[in-house]
Amino acid sequence: MNRRSHFQRLLLLAASTTVIAGGAVLPSSAMAATAAPHTATVTTAASDHDAHREHGSPASAKQWVETTDAVSGIKFRLPGKPEVVHFTQAVDGMNGRLYKVRTDNGVIVFAVFDLPSAQGELDDALRGLVDGYNAGAQSPQHKLSSTDVHKITAHGRPGLDARLSAPDGAAGSARLIAGDAHFIEIISLSPKGKEKPMHETYQQLLASVHNPHTHATRAD
(Lines give C-alpha, C1' and ligand atoms only; values in the text may rest on other atoms or scores of the structure.)
Protein backbone atom coordinates (compact mmCIF):
# COMPACT_ATOMS: atom_id res chain seq x y z
CA MET A 1 0.00 0.00 0.00
CA ASN A 2 1.52 3.34 -1.03
CA ARG A 3 1.66 6.56 0.95
CA ARG A 4 -1.36 8.10 -0.78
CA SER A 5 -3.60 5.12 -0.11
CA HIS A 6 -2.48 5.17 3.54
CA PHE A 7 -3.47 8.82 3.69
CA GLN A 8 -6.86 8.33 2.05
CA ARG A 9 -7.65 5.42 4.36
CA LEU A 10 -6.88 7.51 7.41
CA LEU A 11 -9.15 10.31 6.20
CA LEU A 12 -11.91 7.75 5.70
CA LEU A 13 -11.45 6.62 9.28
CA ALA A 14 -11.46 10.19 10.53
CA ALA A 15 -14.66 10.94 8.64
CA SER A 16 -16.28 7.86 10.13
CA THR A 17 -16.02 9.36 13.62
CA THR A 18 -17.67 12.65 12.63
CA VAL A 19 -21.29 12.27 13.74
CA ILE A 20 -24.07 14.87 13.98
CA ALA A 21 -27.60 14.65 15.36
CA GLY A 22 -30.00 13.98 12.53
CA GLY A 23 -27.20 12.88 10.20
CA ALA A 24 -25.60 9.61 9.31
CA VAL A 25 -25.14 7.07 12.09
CA LEU A 26 -21.36 6.55 12.13
CA PRO A 27 -19.00 4.88 12.64
CA SER A 28 -19.94 1.49 11.27
CA SER A 29 -18.97 -1.54 13.34
CA ALA A 30 -15.92 -2.15 11.14
CA MET A 31 -14.72 1.43 11.45
CA ALA A 32 -15.38 1.47 15.17
CA ALA A 33 -13.27 -1.63 15.66
CA THR A 34 -10.37 -0.03 13.83
CA ALA A 35 -10.55 3.38 15.48
CA ALA A 36 -12.05 2.84 18.91
CA PRO A 37 -12.07 6.00 21.05
CA HIS A 38 -10.30 5.88 24.40
CA THR A 39 -8.74 8.20 26.91
CA ALA A 40 -5.77 10.02 25.44
CA THR A 41 -2.65 11.57 26.88
CA VAL A 42 -3.87 15.11 26.43
CA THR A 43 -3.18 18.27 28.37
CA THR A 44 -6.27 20.38 28.99
CA ALA A 45 -6.87 23.65 30.78
CA ALA A 46 -10.40 24.95 31.29
CA SER A 47 -11.25 28.52 30.37
CA ASP A 48 -14.53 30.41 30.74
CA HIS A 49 -13.33 33.44 28.77
CA ASP A 50 -15.97 32.95 26.10
CA ALA A 51 -18.76 32.70 28.63
CA HIS A 52 -18.53 36.48 28.99
CA ARG A 53 -18.63 37.32 25.27
CA GLU A 54 -21.38 39.74 24.38
CA HIS A 55 -24.05 38.06 22.24
CA GLY A 56 -22.34 34.73 22.91
CA SER A 57 -23.72 31.61 21.25
CA PRO A 58 -24.86 28.54 23.26
CA ALA A 59 -21.44 27.01 22.62
CA SER A 60 -19.62 30.07 23.93
CA ALA A 61 -21.65 29.99 27.14
CA LYS A 62 -20.06 26.67 28.03
CA GLN A 63 -16.63 26.10 29.44
CA TRP A 64 -13.99 25.88 26.75
CA VAL A 65 -11.03 23.56 27.19
CA GLU A 66 -7.51 24.29 26.00
CA THR A 67 -6.05 21.10 24.59
CA THR A 68 -2.49 20.24 23.60
CA ASP A 69 -1.71 17.46 21.16
CA ALA A 70 1.25 15.95 22.99
CA VAL A 71 3.05 14.62 19.91
CA SER A 72 2.99 17.81 17.81
CA GLY A 73 2.72 20.41 20.55
CA ILE A 74 -0.19 22.05 18.71
CA LYS A 75 -2.60 23.83 21.07
CA PHE A 76 -6.26 24.62 20.45
CA ARG A 77 -9.44 25.28 22.40
CA LEU A 78 -12.60 23.18 22.18
CA PRO A 79 -16.09 23.83 23.64
CA GLY A 80 -15.80 20.99 26.15
CA LYS A 81 -13.58 18.06 27.08
CA PRO A 82 -12.90 16.09 23.89
CA GLU A 83 -13.46 12.45 23.13
CA VAL A 84 -10.18 11.22 21.64
CA VAL A 85 -9.54 8.63 18.93
CA HIS A 86 -6.03 7.29 18.29
CA PHE A 87 -4.79 6.04 14.91
CA THR A 88 -1.65 3.89 14.81
CA GLN A 89 0.89 2.97 12.18
CA ALA A 90 0.43 -0.73 12.92
CA VAL A 91 -3.36 -0.78 12.49
CA ASP A 92 -4.22 2.23 10.33
CA GLY A 93 -1.02 2.85 8.38
CA MET A 94 -0.31 6.15 10.10
CA ASN A 95 -0.19 7.70 13.57
CA GLY A 96 -2.71 10.38 14.49
CA ARG A 97 -5.05 11.75 17.11
CA LEU A 98 -8.62 12.98 16.62
CA TYR A 99 -10.33 15.19 19.22
CA LYS A 100 -14.12 15.40 19.01
CA VAL A 101 -16.69 17.38 21.01
CA ARG A 102 -20.46 17.13 20.64
CA THR A 103 -22.43 20.26 21.55
CA ASP A 104 -26.11 21.17 21.45
CA ASN A 105 -25.46 22.52 17.97
CA GLY A 106 -23.58 19.61 16.39
CA VAL A 107 -20.07 18.21 16.45
CA ILE A 108 -16.62 19.73 16.07
CA VAL A 109 -13.40 17.85 15.34
CA PHE A 110 -9.69 18.67 15.46
CA ALA A 111 -7.37 15.96 14.10
CA VAL A 112 -3.58 15.81 13.84
CA PHE A 113 -1.91 13.18 11.63
CA ASP A 114 1.85 12.58 11.74
CA LEU A 115 2.30 13.04 8.01
CA PRO A 116 5.01 15.35 6.61
CA SER A 117 4.85 17.28 3.35
CA ALA A 118 1.25 16.50 2.36
CA GLN A 119 0.72 19.74 0.42
CA GLY A 120 -0.05 17.96 -2.85
CA GLU A 121 -2.69 15.77 -1.22
CA LEU A 122 -5.11 18.44 0.05
CA ASP A 123 -7.70 17.75 -2.65
CA ASP A 124 -7.44 14.01 -2.01
CA ALA A 125 -7.85 14.64 1.71
CA LEU A 126 -11.08 16.59 1.23
CA ARG A 127 -12.39 13.90 -1.12
CA GLY A 128 -11.50 11.21 1.42
CA LEU A 129 -13.25 13.12 4.19
CA VAL A 130 -16.49 13.48 2.24
CA ASP A 131 -16.40 9.92 0.86
CA GLY A 132 -15.68 8.48 4.31
CA TYR A 133 -18.63 10.27 5.86
CA ASN A 134 -20.96 9.33 3.01
CA ALA A 135 -19.96 5.67 3.18
CA GLY A 136 -22.02 5.39 6.36
CA ALA A 137 -24.89 7.69 5.38
CA GLN A 138 -28.32 6.18 5.99
CA SER A 139 -29.86 7.76 2.89
CA PRO A 140 -28.97 10.11 0.02
CA GLN A 141 -30.52 12.92 2.08
CA HIS A 142 -27.68 12.58 4.59
CA LYS A 143 -24.79 12.56 2.12
CA LEU A 144 -22.39 15.49 2.25
CA SER A 145 -20.95 17.46 -0.61
CA SER A 146 -18.20 20.09 -0.52
CA THR A 147 -18.63 23.56 -2.02
CA ASP A 148 -16.80 26.90 -1.99
CA VAL A 149 -13.48 25.03 -1.96
CA HIS A 150 -10.48 27.34 -2.04
CA LYS A 151 -6.81 27.28 -1.20
CA ILE A 152 -5.54 29.25 1.78
CA THR A 153 -2.39 29.85 3.76
CA ALA A 154 -2.89 29.02 7.44
CA HIS A 155 -0.14 29.45 10.02
CA GLY A 156 2.28 29.91 7.17
CA ARG A 157 1.40 26.56 5.60
CA PRO A 158 -0.74 25.60 2.55
CA GLY A 159 -4.30 24.62 3.31
CA LEU A 160 -7.80 24.17 1.96
CA ASP A 161 -11.13 25.56 3.18
CA ALA A 162 -14.51 24.13 2.19
CA ARG A 163 -18.16 24.33 3.10
CA LEU A 164 -20.03 21.08 3.73
CA SER A 165 -23.74 20.51 3.17
CA ALA A 166 -26.32 17.76 2.77
CA PRO A 167 -29.86 17.69 1.31
CA ASP A 168 -31.35 17.18 4.78
CA GLY A 169 -30.06 20.61 5.82
CA ALA A 170 -26.93 19.51 7.64
CA ALA A 171 -24.09 21.97 7.13
CA GLY A 172 -20.54 22.57 8.23
CA SER A 173 -17.02 23.61 7.41
CA ALA A 174 -13.67 21.93 6.90
CA ARG A 175 -10.12 23.23 7.02
CA LEU A 176 -7.15 21.06 6.03
CA ILE A 177 -3.58 22.24 6.68
CA ALA A 178 -0.45 20.52 5.36
CA GLY A 179 2.41 21.18 7.78
CA ASP A 180 6.05 20.20 7.54
CA ALA A 181 5.60 17.30 9.97
CA HIS A 182 1.85 17.08 10.63
CA PHE A 183 -1.42 17.24 8.72
CA ILE A 184 -4.25 19.09 10.50
CA GLU A 185 -7.94 18.55 9.87
CA ILE A 186 -10.62 20.79 11.46
CA ILE A 187 -14.30 19.99 10.89
CA SER A 188 -17.65 21.25 12.13
CA LEU A 189 -21.05 19.78 11.30
CA SER A 190 -24.51 20.78 12.47
CA PRO A 191 -28.09 19.72 11.77
CA LYS A 192 -30.54 22.05 10.04
CA GLY A 193 -31.30 25.15 12.08
CA LYS A 194 -28.06 25.04 14.07
CA GLU A 195 -25.70 26.29 11.38
CA LYS A 196 -25.11 29.82 12.72
CA PRO A 197 -24.10 29.00 16.32
CA MET A 198 -22.00 26.05 15.17
CA HIS A 199 -20.18 28.18 12.61
CA GLU A 200 -19.42 30.69 15.37
CA THR A 201 -17.98 27.89 17.48
CA TYR A 202 -15.90 26.73 14.51
CA GLN A 203 -14.51 30.24 14.00
CA GLN A 204 -13.54 30.43 17.68
CA LEU A 205 -11.68 27.13 17.35
CA LEU A 206 -9.80 28.35 14.26
CA ALA A 207 -8.76 31.51 16.10
CA SER A 208 -7.47 29.52 19.07
CA VAL A 209 -4.99 27.30 17.20
CA HIS A 210 -1.33 27.75 18.09
CA ASN A 211 1.21 25.72 16.13
CA PRO A 212 4.68 25.92 17.73
CA HIS A 213 6.31 25.04 14.40
CA THR A 214 5.10 28.23 12.68
CA HIS A 215 4.90 31.92 13.42
CA ALA A 216 1.83 33.09 11.53
CA THR A 217 -1.42 32.93 13.47
CA ARG A 218 -4.11 33.54 10.86
CA ALA A 219 -5.28 32.33 7.48
CA ASP A 220 -4.64 34.57 4.49
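This is a predicted model: local features need pLDDT of at least 70, side-chain atom pairs count only at pLDDT 80 or more; totals for chains, interfaces and linings use all residues.
Is Tyr99 buried or exposed? Tyr99 counts as buried, at 1% relative accessibility (buried means under 20% relative accessible area, exposed over 50%, partly exposed in between, with a 1.4 Å probe and protein chains only).

Residues are numbered from 1 along each chain as its sequence is written, and side-chain values use heavy atoms, leaving out hydrogens and water.

Rings of Phe, Tyr and Trp (its six-membered ring) pair if their centres lie within 6.5 Å; planes under 30 degrees apart count as stacked, over 60 as edge-to-face and the rest as tilted.

| Pair | Centre to centre | Angle of planes | Type |
|---|---|---|---|
| Phe76 and Tyr99 | 5.3 Å | 65° | edge-to-face |
| Phe76 and Phe110 | 3.8 Å | 15° | stacked |

Phe76 sits in strand β3 (residues 75-78) and Tyr99 in strand β5 (residues 96-103), so their pair links distant parts of the chain, 23 residues apart. Strands here are DSSP runs (E, at least two residues), numbered from the N terminus. Phe110 belongs to strand β6 (residues 106-113), so its pair with Phe76 ties together parts 34 residues apart in sequence.

Phe76 is buried at a relative accessible area of 0%, and Phe110 is buried at 0%. Ring pairs link Phe76, Tyr99 and Phe110 into a cluster.

Key
Helices (H or I, at least four residues) and strands (E, at least two) are DSSP runs, numbered from the N terminus.
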